[in-house]
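Please examine the sequence and the structure shown below. The paragraphs that follow lead from one residue to the site around it.

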Amino acid sequence: MANSKFEYVRNFETDDRCLPNTWIVVRVDGRGFHKFSEKHEFAKPNDKRSLDLMGKAAGRVMTEFKEICLAYGQSDEFSFVFKRDMDLHKRRASKLMTSVASIFTSAFVFHWPQFFDIPLKYPPSFDGRVVLYPSTQNLRDYLSWRQADCHINNLYNTAFWTLVLKGNLTNAEAEKRLCGTFANDKNEILFSEFGINYNNEPQLFRKGTVLVRDKKKKSEEELEGRLTKDILALNEDIIGDAFWNNHKILD
Ligand code: ATP
Ligand code: ATP
Ligand code: MG
Ligand code: MG
Ligand code: MG
Ligand code: MG
């Protein structure tokens with residue numbers, strides 16, 4: 001055995017094992033993506049290329065970690081849910097969080113040219129955090145919170161960029177126009193002034209992306225459009241019960 005007098009320093013490492021039998025969520029979020037999206041000429045308010053690339057990178061994380069049962073993403077973030085009874089890396093928070101963030105980031109860079117014509121101007125990065133949810137209801141509420149956030153931001157951004165791009169308002173004027181408005185006011189501005197029915201906007205933008213596993217054997221034809229052979233990307237509502245009754249992921 002390699003025993004040196006220096007080895008005692010290992011005892012300085014702290015135990016960061018996640019509480020057993022709790023849902024472990026790792027969320028990654030793009031660092032400084034407001035600037036990154038401008039520098040890389042993202043379409044406003046929603047660049048589909050980036051959302052698809054985010055989904056691709058998240059699929060790669062799920063391929064590496066079979067213990068992840070579901071992932072949900074919107075904007076520059078993705079949340080990964082580990083099965084509550086899993087014991088990967090002894091449930092050490094830092095191992096799980098840094099591995100997820102690192103695989104996600106490298107996959108985002110690796111697959112960039114498949115989605116974007118312009119080269120990366122600098123290396124993008126993602127931060128990560130771990131949150132534990134003791135009950136399945138807590139976890140459901142967490143995922144609902146992220147999807148509600150997607151909806152609120154997207155409605156605001158859609159109204160804002162419509163006022164700027166189609167209504168010829170300056171950014172400051174559009175911001176002022178929307179200040180203090182409620183959801184139905186924004187829907188009304190979009191509909192009566194621009195003929196846009198917000199509910200007809202793409203589900204990808206309004207609902208975000210949920211990745212689930214589907215191990216049922218599929219024909220080549222059915223596999224088309226899938227992220228991988230056994231990972232399915234959906235743009236469905238995950239706040240109501242229908243999705244969960246359908247997929248039985250958390251049971
Ligand atoms: P932080 O480092 O604190 O996360 P940030 O600049 O990344 O800062 P966020 O709150 O994470 O701030 O917001 C991400 C921003 O990135 C959005 O507000 C938007 O400007 C931009 N963005 C992310 N994804 C897209 C996309 N698909 N299309 C257009 N813009 C996007
Ligand atoms: P883990 O995921 O647990 O870290 P690991 O396979 O990365 O597993 P490490 O203990 O980190 O195991 O050891 C890294 C291994 O990678 C080395 O044992 C060696 O085999 C290989 N390796 C790393 N860097 C080099 C290098 N510069 N040249 C040759 N081999 C290398
Ligand atoms: Mg942030
Ligand atoms: Mg960010
Ligand atoms: Mg974000
Ligand atoms: Mg190693």
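Is F33 buried or exposed? In this predicted model, F33 has a relative accessible area of 8%. Because buried means under 20% relative accessible area, F33 counts as buried. The residue belongs to helix α1, which covers residues 33–39. Leaving aside residues up to four places away in sequence, F33 touches D76, F108, P124, S125 and F126.

H34 also lies in helix α1. Its relative accessibility, however, is 61%, so H34 counts as exposed.

According to an unreviewed UniProt entry, the feature "binding site" comprises D29, G30, R31, G32, F33, H34, S75 and D76. These positions are spread over 48 residues of sequence, yet they cluster in space, with a largest C-alpha distance of 12.2 Å. Among them, F33, H34, S75 and D76 are included in the lining of the largest pocket.

Which residues are the protein donors of the magnesium ion (ligand 5)? They are D29 and D76, each through OD, at 2.1 to 2.3 Å from the ion. D29 is located in strand β1 (residues 23–30), whereas D76 is located in the loop between β2 (68–74) and β3 (77–82). The pair therefore ties together parts that are 47 residues apart in sequence.

With a relative accessibility of 13%, D76 counts as buried.

How values were computed
Residues are numbered from 1 along each chain as its sequence is written. Chains are lettered from A and ligands numbered from 1 in the order in which they are written. This is a predicted model: local features need pLDDT of at least 70, side-chain atom pairs count only at pLDDT 80 or more; totals for chains, interfaces and linings use all residues. Side-chain values use heavy atoms; hydrogens and water are left out. UniProt positions are given in the numbering used here, feature names are shortened, and annotations may be inferred rather than shown by experiment. On a 1 Å grid over the protein atoms alone, a cavity is a set of points where a 1.4 Å probe fits but cannot get out, and a pocket is an open set with protein on both sides within 12 Å along at least five of seven lines; lining residues have an atom within 4 Å of a point. Helices (H or I, at least four residues) and strands (E, at least two) are DSSP runs, numbered from the N terminus. Buried means under 20% relative accessible area, exposed over 50%, partly exposed in between (1.4 Å probe, protein chains only). Contact means heavy atoms within 4.5 Å. Donors are N, O and S atoms within 2.8 Å of the metal (3.2 Å for Na, K and Ca); water is not among the atoms, so sites may look incomplete.
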